[in-house]
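Subject: Structure handover

Hello,

Please find the structure below. My notes on it come after.

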Amino acid sequence: FAKILPKTVKKISVLDRTKEPGSLGEPLYHNVRTAIGEAMAEGLFQFDGYPSIVGGRYGLGSYEFSPGMAKSVFDNMKHDKPMNKFVVGIKDDVTGRYLEFDADYSVPFDGYSAMFYGLGSDGTVGANKNSIKIIGDSTDNEVQAYFVYDSKKAGSMTTSHLRFGKETIRSPYLITSADFVACHNFSFLEKYDMLKNAKEGATFLLNSPYGAADVWSHLPKKVQQTIIDKKLKFFVIDGVRLGNELGLGPRINVIMQTAFFKISGIITLDLAIKEIKEAIVKSYSKAGEKVVSMNKQAVDTALENIEEVAVPGTVDSDIEMTIGQWSHTPATVQKTLGPIIDGIGEHLPISAMPADGTFPTATAMYEKRNIAITTPAWDEELCIQCGICSFVCPHASIRMKIYDEKELKGAPKTFKSCAAKGKDMDGKKFTLQVAVEDCTGCGACVHNCPAKSKTDENHKAINMVPQVPLRETERANFDFFLNLPETDPELFNAATVKGSQFLPPMFEFSGACAGCGETPFVKLCSQLFGDRMVVANATGCSSIYGGNLPTTPWTTRKDGLGPAWSNSLFEDNAEFGFGFRLSIDKTTQYAQELLEKNIECGCAACKGSEPLKRAILGADQSSQALIEEQRGRIAELKEILAKCTHETATQLKADADYLVKKSVWIHGGDGWAYDIGYGGLDHVLASGANINALVLDTEVYSNTGGQASKATPIAAVAQFAAGGKEQPKKDLSMISMTYGNIYVARVSLANPAQCVKAFLEADAYDGPSLIIAYSHCIAHGINMTTAVDGCKEAVNSGYWPLFRFDPRLSAEGKNPLQLDSKEPTIGFEEFAGKQNRFKVLKKNNPENADALMAASAKDSASRYDLYKKLAALSADCGSDS
Ligand SMILES: Cc1ncc(C[n+]2csc(CCOP(=O)(O)OP(=O)(O)O)c2C)c(N)n1
Ligand code: SF4
Ligand code: SF4
Ligand code: SF4
């Protein structure tokens with residue numbers, strides 16, 4: 001390094017893409033200083049003097065390095081005394097050590113630049129990878145592609161940046177001046193100012209439910225103005241409608257890709273069609289001939305449906321963009337989270353960040369992603385008020401309440417209600433309300449609704465309808481619904497499916513994939529125990545959708561009580577949760593000791609308080625009602641302590657909340673529980689501590705793209721098991737039952753009643769509990785709308801027997817194992833044969849496919865048989881006695 005530096009070098013800036021807190025400088029900066037110092041000392045070369053060397057950080061906080069930033073680094077060196085230890089990009093207004101830069105400074109690029117705004121998981125990124133490959137392979141262009149997306153599992157914006165041209169591309173940064181801009185989701189138009197990146201005269205392609213003749217009036221004012229000012233060529237195509245008609249659903253990527261090639265004319269249309277169709281065969285063969293043919297049809301259909309819009313000369317819209325509209329939200333959202341949601345978080349100064357890194361809960365509700373194309377609409381006449389829709393909704397976007405009729409005063413005109421069904425419901429009203437702006441449109445609620453019209457079997461008590469026309473009215477209706485009082489706990493039994501759905505979810509609107517099979521269990525857990533729940537979350541999908549900056553779906557009930565949540569590491573999560581339990585128990589014990597001492601206090605404030613204090617110490621907290629009573633007593637105690645003069649008063653007041661029972665949960669996926677965190681989980685379950693583990697078993701490492709875990713069954717194809725997994729699924733429940741004193745349950749959305757029962761029993765059991773939940777996942781290659789059918793097939797085939805192993809039954813001399821599912825009514829193939837993870841085996845491993853499927857079926861049957869035999873034993877097996 002020292003040798004290649006010219007002798008004339010006077011100033012050096014060293015840029016590190018890292019921040020080493022507490023260090024004297026970043027690593028490369030130190031290396032350069034040391035290298036030059038040593039080279040000079042050893043006489044390897046002589047500068048006129050020791051050069052001026054400064055160090056800086058760049059590209060942090062998702063702020064991509066740009067030409068303007070590079071220029072500011074050079075400009076800094078022009079100063080007699082350049083700033084050292086600076087940051088470029090982020091505005092560090094706390095230390096002041098940052099370089100200003102010109103965001104509009106650009107370097108000319110002689111080729112073609114295109115930007116595509118897609119919705120996470122709509123296939124846009126995959127299609128653009130394909131497009132750039134086609135351009136690179138079939139022309140003499142140099143090509144480059146960058147893809148930008150956040151860590152949400154699905155449903156947020158992705159941006160693809162494609163450049164190509166005859167010259168070597170020397171632009172290692174994102175595009176800010178594009179010849180072509182495509183918006184693949186109409187709702188983005190209001191949220192993101194994407195046309196700021198369009199060059200004058202560029203082309204704009206919009207996926208629009210409105211045709212060329214009437215799209216103009218549906219555009220926001222600013223979008224209209226930019227199209228006119230920049231003289232953009234404007235095209236529309238209704239990708240969503242075409243996708244639905246072709247059976248592709250939301251996967252509109254091929255339609256939009258074809259539109260891009262047709263409009264841009266980069267390669268001849270015939271060549272483009274040929275290449276796209278070849279790419280379709282390559283990409284989708286695994287998914288079956290039908291998918292290949294639907295996508296090929298999508299190419300032809302797209303070509304026929306692209307329309308050019310005749311751009312009017314004037315702006316006539318009064319639709320405002322939603323960027324920056326946060327004035328109705330709490331200060332942290334206005335100042336920090338809102339701009340991040342708007343996609344301009346990189347412009348926030350350091351002072352906008354919380355000093356201790358703690359972010360508030362209850363913030364996913366501000367995102368209002370509006371990603372659903374269709375959303376459920378309720379028919380109150382048909383509804384039997386069973387709660388199934390709410391139970392299966394992965395996003396807590398459909399809710400129900402019972403309330404007094406008088407509460408309807410002031411309701412919006414379109415707010416729906418009907419008489420509440422059931423005993424003692426005279427004068428009570430029932431409402432099922434959809435949060436249409438937070439709904440993902442997955443359709444799981446509608447598919448699972450059991451109430452159908454007698455005259456039209458396609459009409460149910462909820463039905464998917466277009467979302468856009470409902471947005472305004474349902475926004476007001478959902479707000480009104482939230483402000484209704486919570487359902488009186490006297491009116492329902494939380495231990496039932498229906499009853500559990502009157503409890504407010506404290507996990508809502510997560511960024512999980514539409515229709516995710518993990519989140520209904522997390523949500524249920526929050527409904528049942530959220531007011532006193534502490535969660536240690538292993539790394540995996542649940543930590544990503546659970547704590548995805550800028551927002552979190554973990555929220556509170558109306559009085560501010562809600563779960564405390566934290567994510568440690570993949571490998572130590574069980575121990576992390578165990579630590580919560582130990583520290584809570586210790587603090588509770590300490591608070592009890594302080595209270596014992598405080599009983600002796602004779603100060604004026606404490607006069608007559610002994611019965612209250614004794615009641616707190618002896619409180620039975622075995623039900624929600626009794627817990628709420630204890631909370632009432634603690635509130636009274638705190639009031640007394642505020643005036644109490646006893647030496648224990650201050651500390652006791654601080655710890656008094658620990659006198660209310662806490663429910664400690666350890667959440668994570670099978671990769672954590674079966675594999676990487678297994679040693680810890682086993683250790684914690686064996687400790688005897690009162691702790692509850694929830695394993696969200698998707699049978700693969702879902703968050704990282706579907707790698708096989710020890711939970712993957714024989715014959716399932718996964719990453720690292722391309723020819724089908726050969727080893728059997730580890731039986732974590734069987735292993736855990738052998739301890740005898742661990743509550744173990746296997747649950748599934750197939751049987752919500754059994755699931756609610758298991759969660760309540762696990763929490764009530766004063767010892768370790770393990771719930772393993774069958775969680776359907778996009779990695780299974782299934783239709784997520786109908787996925788609960790697959791859960792039922794897993795149970796009905798005997799593959800996923802439902803059971804509860806309750807050590808308390810042993811103490812009563814009973815068999816602790818109760819099998820909750822019936823004898824198999826269908827074969828293993830009927831379950832597995834519908835899921836792509838098994839279906840592709842024939843293609844991937846034709847020689848062994850049949851043998852592996854047979855082995856998997858045999859394994860499934862023999863496991864079921866074993867559980868059945870164990871459950872049939874007469875008594876006292878596996879007890880700790
Ligand atoms: C020790 C360690 N290894 C690997 C990773 C990368 N990683 C993060 S999440 C994840 C997969 C999690 O899979 P699983 O536990 O099954 O949960 P899921 O995503 O399916 O909910 C992996 C491998 C990590 N964070 N830490
Ligand atoms: S469509 Fe999906 S997200 Fe929307 S309410 Fe129904 S289940 Fe929930
Ligand atoms: S699942 Fe259907 S019948 Fe049941 S509450 Fe929901 S809308 Fe009503
Ligand atoms: S578990 Fe599967 S469906 Fe759920 S968020 Fe993860 S990848 Fe998506």
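Here are the conventions, then the findings.

This is a predicted model, where local features need pLDDT of at least 70, side-chain atom pairs count only at pLDDT 80 or more, and totals for chains, interfaces and linings use all residues. Residues are numbered from 1 along each chain as its sequence is written, chains are lettered from A and ligands numbered from 1 in the order in which they are written, and side-chain values use heavy atoms, with hydrogens and water left out.

Domains
The protein is split into domain 1 (11-99), domain 2 (112-309), domain 3 (361-484), domain 4 (504-683) and domain 5 (716-872). These bounds come from an automatic or database domain assignment. The centres of domain 2 and domain 5, over C-alpha atoms, are 42 Å apart.

Ligand 4
Its surroundings are Lys 153, Ala 512, Cys 513, Cys 516, Glu 518, Cys 541, Thr 698, Ser 702, Cys 777, Ile 778 and Met 784 (a residue is near if one of its heavy atoms lies within 4 Å). Domain 4 and domain 5 each supply at least three residues to this shell. By class, the shell has seven nonpolar, two polar and two charged residues. Ala, Val, Leu, Ile, Met, Phe, Trp, Tyr, Cys and Pro count as nonpolar, Asp, Glu, Lys and Arg as charged, and the others, Gly among them, as polar.

His 395
His 395 sits in the loop between helix H11 (388-392) and strand E13 (398-404). Helices (H or I, at least four residues) and strands (E, at least two) are DSSP runs, numbered from the N terminus. His 395 is buried, at 1% relative accessible area (buried is under 20%, with a 1.4 Å probe and protein chains only). Beyond neighbours within four places in sequence, the contacts of His 395 include Asp 438, Glu 508, Ala 512 and Cys 513 (heavy atoms within 4.5 Å).

Cavities
There are six cavities of 30 Å³ or more. A cavity is a set of points on a 1 Å grid over the protein atoms alone where a 1.4 Å probe fits but cannot get out; lining residues have an atom within 4 Å of a point. Volume is the space filled by probe spheres set on the points.

The largest cavity holds about 120 Å³. Its lining has 14 residues, with Lys 729, Arg 746, Tyr 799, Asp 859 and Arg 863 closest to the centre. Five are nonpolar, three polar and six charged. Helix H30 (residues 849-872) gives the most, with four residues.

The second largest cavity holds about 90 Å³. Of its 15 lining residues, Cys 383, Cys 386, Cys 389, Cys 449 and Ala 461 are closest to the centre. The lining has 13 nonpolar, two polar and no charged residues.

Best wishes

Notes. Buried means under 20% relative accessible area, exposed over 50%, partly exposed in between (1.4 Å probe, protein chains only). On a 1 Å grid over the protein atoms alone, a cavity is a set of points where a 1.4 Å probe fits but cannot get out, and a pocket is an open set with protein on both sides within 12 Å along at least five of seven lines; lining residues have an atom within 4 Å of a point.
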